[in-house]
Amino acid sequence: MNKRWALLSLCLGLFLAQTDTTAVNLALPAISAGLHGSLVHLQEVVDAYNVAFAALLLTGGALGDRFGRRRLFRTGTAVFVAGSVLCALAPTMPLLVAARAVQGAGAALAIPQSLALLAVTFPGRRERHRAMGAWSTVTGVALASGPVLGGFLVEHAGWPAIFWLNLPIGLAALALSLAVPESADRHPRGLDLPGQLLAVVFLGVLTFAVVHTDLAAGAAGVLAAVAFLLVERRKQAMLPLHLLRRGPLPAASSVAFCMTFAMYGFLLLAGLYLQHDRGAGALLAGLELLPMPLLVVVGSPLTARLVTRFGPRPAMIGGMALIGLGLGAFALAGPGIPLPWLELVFAVLGAGLALNAGPVVGVAVAAVPPDRAGLAAGVVNLARLSGAAFGVAVLGAVLAAAGLRMALAAGALVGVAGAVLAWRGVQSPPRKAAEVATAGFDELAPSNSTENATSSR
């Protein structure tokens, strides 16, 4: 029974982070009206979370290895819940942006621990795969329910309700996490404080520069990025650059960046477009978006079969091409697109995401030795979150400067670029990548998790 409670705790923590993003996108018009925010403010509300999550992700994993993964999961969940309460109570846009950054920091501490803790809690291969199946199902449920749940809460209880919802779920995750066994590495990675500081600076400053069209901030962000790359050449770097020089890992990371750049930028555009241009309420907008998450949920198991048979490369090329096609078709049709065709666009985008999201992680993990698999997963997730942050910043800026059509066209170009990168760079052995992408997470488990786990039950 303790294992069931442990699994439920970890799944609830994941559910918090997954639903928050889609729910917040649908709440943006209500937040703008309630706190008198501009488009720039709304971009900051979304990106404060993405930047904090991305910048602290690798350090969150290292802290878990050093101080205990359950401890960091609980700490991160508590920080996320505290940030949610601050979001719900925020009286001004700047305070809401700051509270969103607190949420992102909490997610960065909690989420990297989930897979490792599942591996410790379920040491047998069969039970581990079942637990991973449940964990993956939560991802799909959260993605599918997020728009409708967020729209319902915004329409019937106001935008703070989407953040208040995190309080009971988070407290339940904390209480149930007592059933999770503690684990840590005997020889943990060193903490890269200079690299961590520079990661926060360059991601935050570059995102700020794009959102505000500030050349001076852009120059400062570029300098911080260069300094980060120089610092990360050291032996104890949190981001070993030698892994990114060539091969499938940098290709997968680049594709992941393009995928989330296009899709997270699109979610910002879609939430505003459906409610401002088409006059839909928050709940109706969530329902209209449903074809996209439903195609992800339905398409992911089918993708697993395709990847098992043909390898990850065709799925990734096709997935990114569909993302480019969907955004391009929307751009050509323009804001007056009939609703049935708009629903088809959403379905195409969902299919593209389903084809790419799993294989891109599988390729990254299969590209390195098993003892570096967790780091490879962290790298590709860093690319994914960075893409989300810059996608929201860039496509939002294009929307403000040139309108919806040009913003969608920019996203379409990035989608096509991702397809080209997958075609040129993904040459990993299909079988190994397929196993990692579809079967389980043996390669993501801590290499010495069994001997290092210390039960606290």
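1. **Ground rules.** Because the model is predicted, local features need pLDDT of at least 70 and side-chain atom pairs count only at pLDDT 80 or more, while totals for chains, interfaces and linings use all residues. Residues are numbered from 1 along each chain as its sequence is written, and side-chain values use heavy atoms, with hydrogens and water left out.

2. **Overall fold.** You will find 19 helices and 0 strands in the chain. The chain has a radius of gyration of 20 Å, close to the 23 Å that the globule rule gives for 457 residues, so it is as compact as a globular protein of that length. Helices (H or I, at least four residues) and strands (E, at least two) are DSSP runs, numbered from the N terminus. The radius of gyration is taken over C-alpha atoms, and the globule rule is 2.2 Å times the number of residues to the power 0.38. Along its principal axes, the C-alpha trace spans about 60 × 45 × 45 Å.

3. **Surface and burial.** The chain's accessible surface comes to about 18200 Å², and carbon and sulfur atoms hold 68% of it. These areas come from the Shrake-Rupley method with a 1.4 Å probe; for residues, only the protein chains shown count as cover. Of the 457 residues, 56% count as buried. Buried means under 20% relative accessible area, exposed over 50%, and partly exposed in between (1.4 Å probe, protein chains only).

4. **Contacts along the chain.** Among contacts with a separation of 6 or more, 86% are between residues 24 or more positions apart. A contact here means heavy atoms within 4.5 Å.

5. **The nonpolar cores.** In the largest nonpolar core, which has 101 residues, Phe266 and Phe330 touch the most other members. Helix α11 (residues 248–277) gives this core its largest share, 16 residues. There is also a second, separate core of 29 residues, with Ala27, Ala88, Ala90 and Leu268 among its members. A nonpolar core is a set of buried Ala, Val, Leu, Ile, Met, Phe, Trp, Tyr and Cys residues joined through side-chain atoms within 4.5 Å.

6. **Aromatic pairs: Phe202 and Phe228.** The structure holds 9 aromatic pairs. In one of them, the ring centres of Phe202 and Phe228 are 5.3 Å apart and the planes lie at 45°, so the pair is tilted. This pair links distant parts of the chain, with Phe202 in helix α9 (residues 193–212) and Phe228 in helix α10 (residues 215–231), 26 residues apart. Both Phe202 and Phe228 are buried. Rings of Phe, Tyr and Trp (its six-membered ring) pair if their centres lie within 6.5 Å; planes under 30 degrees apart count as stacked, over 60 as edge-to-face and the rest as tilted.

7. **Aromatic pairs: Phe266 and Phe330.** Phe266 and Phe330 form an edge-to-face pair, 6.5 Å centre to centre with 70° between the planes. Phe266 sits in helix α11 and Phe330 in helix α14 (residues 312–333), 64 residues apart, so this pair also links distant parts of the chain. Both Phe266 and Phe330 are buried. Ring pairs join Phe266, Tyr273, Phe330 and Phe346 into a cluster. Beyond four places in sequence, Phe330 is in contact with Phe266, Tyr273, Ile337, Leu342, Val345, Leu404 and Leu408.

8. **Cysteines.** The structure holds 0 disulfides, a disulfide being a pair of cysteine sulfur atoms within 2.5 Å. Cys11 is buried at a relative accessible area of 8%, and Cys87 is buried at 0%.

9. **Ser9.** Ser9 belongs to helix α1 (residues 2–35) and counts as buried, at 0% relative accessibility. Setting aside neighbours within four places in sequence, Ser9 is in contact with Phe73, Ala173, Leu176 and Ser177.

10. **Pro293.** Helix α13 (residues 291–310) contains Pro293, which is buried with a relative accessible area of 3%. Not counting residues up to four places away, Pro293 touches Leu143, Ala144 and Pro147.

11. **Val201.** Val201 lies in helix α9 and counts as partly exposed, at 34% relative accessibility. Its contacts, leaving aside neighbours within four places in sequence, are with Leu206 and Ala224.
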